[in-house]
Amino acid sequence: CRLLHVVGQLATLSVIGLIVYGCINWSLLWLFITPIVPFVVYPFAWSGHYFFEKNEPAAFKNPWMAKLADWRMFCEIIIGKVKLF
């Protein structure tokens with residue numbers, strides 16, 4: 001489940017990078033893409049919760065806290081405080 005969260009966060013960062021560096025240059029289309037960028041992680045994270053942990057994601061009850069928790073876990077995995085496997 002943690003691995004899927006990390007993959008989702010990396011996908012989110014990739015989309016942000018594409019938008020910032022102009023690889024997605026479809027005139028004003030980026031205005032419509034930008035608001036959904038924070039939700040790129042959810043299909044990855046939810047599949048981890050449903051298929052592996054068999055529980056309900058926290059994003060259903062409190063999406064903003066779930067998003068903050070995702071980023072915190074991602075950062076702690078990157079610095080080695082939390083083990084990925």
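Predicted model: local features only at pLDDT ≥ 70, side-chain atom pairs only at ≥ 80, totals over all residues.

Tutor: Just after helix α4, G80 takes a positive phi of about 90°.

Helix α4 runs over residues 63–79 and has 17 residues. From its first C-alpha to its last, α4 reaches 24 Å, close to the 24 Å expected at 1.5 Å a residue.

Next comes the question of which residues of α4 are buried. They are A66, K67, D70, M73, F74, E76 and I77.

Helix α1 covers residues 2–20 and helix α3 covers residues 41–53. They pack at an angle of about 170°, with their axes 7 Å apart. Angles over 145 degrees count as roughly antiparallel, and α1 and α3 are therefore roughly antiparallel to each other. Sorted by class, the contact of α1 with α3 has seven nonpolar and seven polar residues, and no charged ones.

Between α3 and α4 there is a loop, and K54 lies in it. The phi of K54 is near 55°, a positive value in a residue other than glycine. Most residues other than glycine have a negative phi. Is K54 buried or exposed? Exposed means over 50% relative accessible area, so K54, at 66% relative accessibility, counts as exposed. K67 of α4, in turn, is among the buried residues of that helix.

Now the protein as a whole. Its secondary structure comes to four helices and zero strands, and along the sequence the pattern is α-α-α-α. The protein has 85 residues, and buried residues make up 28% of them. Its accessible surface comes to about 6,000 Å², and 73% of that belongs to carbon and sulfur atoms.

The contacts can also be sorted by separation in sequence. Of those between residues at least 6 apart, 69% join residues at least 24 apart.

Note on methods
Residues numbered from 1 in each chain as written. Heavy atoms only, no water. Helix = DSSP H or I, 4+ residues; strand = E, 2+ residues; numbered from the N terminus. Buried < 20%, exposed > 50% of the residue type's maximum accessible area, 1.4 Å probe, protein only. Contact = heavy atoms within 4.5 Å. Areas by Shrake-Rupley, 256 points an atom, 1.4 Å probe, with all protein chains shown as cover. Axes fitted to C-alpha atoms, helices over the stretch in contact; angles between N-to-C directions. Parallel < 35°, antiparallel > 145°, perpendicular 65-115°, else oblique. Nonpolar A, V, L, I, M, F, W, Y, C, P; charged D, E, K, R; others polar. Expected span 1.5 Å × (residues − 1).
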